[in-house]
Protein chains: 2
Amino acid sequence: MKESLEQHKKYRGKIEVITKVPLETKKDLSLYYTPGVAQPCKEIHKTPLSVYDYTSKGHLVAVVSDGSAVLGLGNIGASAAIPVMEGKCVLFKKFGNVDAFPICIDSQDPDTIVNTVKLIAPVFGGINLEDISAPRCFEVENQLKEILDIPVFHDDQHGTAIVVAAGILNSLKIIKKNMQDLKVSISGVGAAGSAVTKMLLNLGVGDIILCDRKGIISKDRTDLNPAKKEIAETTNKNNATGTLKDAMCGADVFVGVSAPGIVTEDMVSSMNKDAIVFAMANPVPEIMPDIAKKAGAKIVGTGRSDYPNQINNVLAFPAVFRGALDAHATEINEEMKVAAAYALAGCIPDAELREDYVIPDPLDKTILGVVSEAVKNAARDSGVVREEGH
Amino acid sequence: MKESLEQHKKYRGKIEVITKVPLETKKDLSLYYTPGVAQPCKEIHKTPLSVYDYTSKGHLVAVVSDGSAVLGLGNIGASAAIPVMEGKCVLFKKFGNVDAFPICIDSQDPDTIVNTVKLIAPVFGGINLEDISAPRCFEVENQLKEILDIPVFHDDQHGTAIVVAAGILNSLKIIKKNMQDLKVSISGVGAAGSAVTKMLLNLGVGDIILCDRKGIISKDRTDLNPAKKEIAETTNKNNATGTLKDAMCGADVFVGVSAPGIVTEDMVSSMNKDAIVFAMANPVPEIMPDIAKKAGAKIVGTGRSDYPNQINNVLAFPAVFRGALDAHATEINEEMKVAAAYALAGCIPDAELREDYVIPDPLDKTILGVVSEAVKNAARDSGVVREEGH
C-alpha cells in the first residue's frame, strides 16, 4: 500500500473547489461579485428559503468527523482523519453527483461537535457524520437531527444498515425464507450493529440476538450503557444468555461488525440450514469467506473488494443524499432508508441473483438513479419535504 | 441587476467540489478509499506536518464570515452572506488558483467565531476573514492569529490596504512627491481605515488624520473605542481637531472608506496641489470621480468598475494567499503585505503610468505571478515559514 501513499502525495489531497460560473470579463465580475451579488444576498435576507435558489446549499453536504473511530485505526484525531473524509467527499461526487466538503472537528466532546456543526450549517444542505465512535455518535446524531432542518445521516450506522438489509433481502429470494422466520445473530453493538438491528426490525425480522465482547445482550446484563439497554428491550425475545457461540447456534443469519477472526468454522456449522454470513470486520473479517463456505454457509459477504458480495457503504450514501437533496427533504427518515434498501436490492434482477452475487457492484452505474428515485419518493410519501418552490 | 439574480438562480450557487483523483476501477477505490487510505492517515498520525503532503490542506482556504457587515448591506446574517462568500471563493480559484470554501458562522459573538474557526481549522491551510464588522473583526483576527499556525488575513482590512498603498505608490511616481512629506486624510475608521493607516505608516507616510462620523480622531476625544484610541496614538501628529472638512484642507491624499457623497467639491479644492482622491464607498463613492477631477484632484480612484483606477481587493487577496501557501508561511505579516503593495504597484511599468492608470486592471494576468512571488520571498526573508520538507 505504498502506492496509496505515493498517490496521495502526488495529488496533495483529493478534492478541488472550482467555479461553476464564467469569470472572464468585468461584466462577469459585476454579476457574480460586486455589485450584482448584493441582489441574491438581499433576496435571501428577505426570503430565507431562497438560499436554496441562489447558493450551493441545496447540493452541498458536510462530511463531519472528530477522528475518534477512523476505519480500523481507532482514535487518530481530526487531522489524521482528513484523507478518509476527503475520500468520502470524492465518492459523494463520483457516485452521487453531490458536492461534499470535509469538516474535521478538533474536539471529541459531543456537545462541542453538535454546536460546531450547528454554527457552520448555513452553507450546507446536509450533514454526513463519519467515523465518530459509539455511543457518542448516537448523541451527536440525535441532537443534530433535533436542531437542524436539513438531513443528518451517520453513514457508519445507516449506510451499513441499508447495504446489509439489501443483501439479506436478495439472499432470502435465493434461500426462500421469510423475514418473519429469521433468527439473526449480530456481533458488535456499536454504530453499525445498532443501526443494522433497527433496520432489520423495521423489515420484520423475527428475532435478533446481539453480542458485544462480553457476550449476548440480554435484559439480565447489569453492565450495559443506555444505548445497549435500549437494544436489550427490542431484541433477544427469549432473553437468551451466553456467548457469541450460543447466539450463532441455530441462527439463519450472522452479521459481523466487530473484530477479526472471532468466528470459528464450528460456529458457522452450528447455524441453521442455508445460513447467511456477512462478516464485515475490515480488513480481516470475523471469518474468512472460504472457511465460512466450507463450514456450510450458503451465502457469504464481507467488506473486502477481493471476495464476492462486498458490503460497501458507497452503495448507499451517495444515492441516499442525492435522493434526499432532490426531494428537498428536511431529514432522512426510516421510510427513506428502508426504501433505499429495497431499491438497492432490486438493482440485481432476480434472474441474475446468485449465491455470490446478492450485493450489486459498487461501480454499477444504475444504482444512483434507482436508489435516489426511491429515496426521493419515500421522502415525499412520508411528508418530510420543504415547502414547494424551494 | 435582475440579471445577477437570474444567473445565481440558473447556476444554484457558484462553487463545485470535484475530485482530483481517478475513481474508475476497484483498484482506484482501494487506493483512494479503503483500505489504501489508511496509509496516509497513519502517516499523519505519526508525523503531523505530513498533513500538507497527503491532504488538500496546503491549498485550501476558508472564507469565514458572520454576515455582520456584508458589502454595503450591513448586518444581514450568515445565510444571506453566502452569495458573497461563494463569490470570494470563485475569485480565489480564478485569480489565485487557491481552493476556497465558504464558512458562514451563525453567531456574531467574537469568542464563538474564534472558537468555531479553531475547531474546524484542521482541514484548512489558511483563513480569510470577510465582512465581519469593526471593532469585533480586530478581536477575531488577533485571537485567531494567536491560536492558529496557519495564515489568517482579514481581507476587508489588509486587502484594501495593499491595493490603496499600491495606488499611492504609483501616484507618487507621477506627481513626484515623497511618502515622508505626505499629509493623508482618511474618512472611515473601521476595518479598512485602520488597516490603510497602519500600512501607510509602515510605508513612511509623514502624517495621517482620520475622521469618523463625529470628526477628527484626536487624543482629546473622550468617546473613542480602544481600536480608535490606539489609532489616535500613532496618527494626527499635531493633535488637530475638527471635521472632515478641516482634515482635508491642505491634504495631499484623501482616502474614503466611509459613506456616499460626504465629500464636497470645495473640500477637494481645499486639498494640496496634485491631490490624490481615492473615494471607495460602494456603490456610491464619497465624491463622484468627475466632480473630484473638476475640483482639481490630479488622480482619482473608486471602488467602481465603470471608472478608471478601480480599487478592488481581488487585486490582492488571491495572490497574497497563493504566495503565503507556496512559501509554507505560518502567517501573513506586515513585511508580506508591504511586499504585495510594492509588487502590485510594479505591475504597471513606469512608462505606462497615467493619472487614470495607477491601479492595474483586475483581469491583468501578470498580477498573480508577480505579487505571489513577492509575498513568498517576503515570507521567507522574514522567517515565517514551516520547517523544510513540508
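Helices here are DSSP runs of H or I with at least four residues, strands are E runs of at least two, and both are numbered from the N terminus. With that in hand, take Pro35(B). This proline lies in the loop between helix 2 (26-32) and helix 3 (38-46) of chain B. The peptide bond from Thr34(B) to Pro35(B) is cis, with omega near 0 degrees.

Some ground rules. This is a predicted model, where local features need pLDDT of at least 70 and side-chain atom pairs count only at pLDDT 80 or more, while totals for chains, interfaces and linings use all residues. Residues are numbered from 1 along each chain as its sequence is written, chains are lettered from A and ligands numbered from 1 in the order in which they are written, and side-chain values use heavy atoms, with hydrogens and water left out.

Now the two chains. Two copies of a chain are related by a rotation about an axis and a shift along it.

How do the copies meet? They meet through the same surface, because 100% of the interface residues of chain B are also interface residues in chain A.

Next, chain A as a whole. Chain A has 17 helices and eleven strands. The radius of gyration, taken over C-alpha atoms, is 22 Å, close to the 21 Å that the globule rule gives for 390 residues, so chain A is as compact as a globular protein of that length. The globule rule is 2.2 Å times the number of residues to the power 0.38. Along the principal axes, the C-alpha atoms of chain A fill a box of roughly 75 × 45 × 45 Å.

How much of chain A is buried? Of its 390 residues, 61% count as buried. Buried means under 20% relative accessible area, exposed over 50%, and partly exposed in between, with a 1.4 Å probe and protein chains only.

Contacts next, meaning heavy atoms within 4.5 Å. Take the contacts in chain A between residues at least 6 apart in sequence: 66% of them join residues at least 24 apart.

Charge, briefly. Chain A carries 42 positive and 50 negative side chains, and the centres of the two sets lie 3 Å apart. Lys and Arg count as positive and Asp and Glu as negative; His and the chain ends are not counted. Each charge is placed at NZ of Lys, CZ of Arg, CG of Asp or CD of Glu.

On to single residues. Start with Lys88(B), in helix 6 (residues 82-96) of chain B. Is Lys88(B) buried or exposed? Lys88(B) is buried, with a relative accessible area of 2%. Residues up to four places away in sequence aside, Lys88(B) touches Tyr33(A), Val63(B), Asn128(B), Glu130(B), Asp155(B) and Phe317(B).

Glu24(B) sits in the loop between strand 1 (15-19) and helix 2 of chain B. Leaving aside neighbours within four places in sequence, Glu24(B) is in contact with Lys94(A) and Leu363(A). Glu24(B) and Gly383(B) are 359 residues apart along the chain, and their C-alpha atoms are separated by 44 Å.

Back to backbone geometry. In chain A, a cis peptide bond joins Ala134(A) and Pro135(A), with omega about 0 degrees. Pro135(A) is in the loop between strand 4 (126-129) and helix 8 (136-147).

Which phi does Asn309(A) have? Phi of Asn309(A) is near 55 degrees, a positive value in a residue other than glycine. Asn309(A) lies in the loop between strand 11 (299-302) and helix 15 (317-326) of chain A. At 5% relative accessibility, Asn309(A) counts as buried. Asp274(B) is not a glycine either, and has a positive phi of about 55 degrees. Asp274(B) lies in the loop between helix 13 (265-269) and strand 10 (276-279) of chain B.

Last stop, Val189(B). Val189(B) is found in the loop between strand 6 (183-187) and helix 10 (191-202) of chain B. Val189(B) is buried, at a relative accessible area of 10%. Val189(B) and Val257(B) are 68 residues apart in sequence, yet 8.0 Å apart in space, C-alpha to C-alpha.
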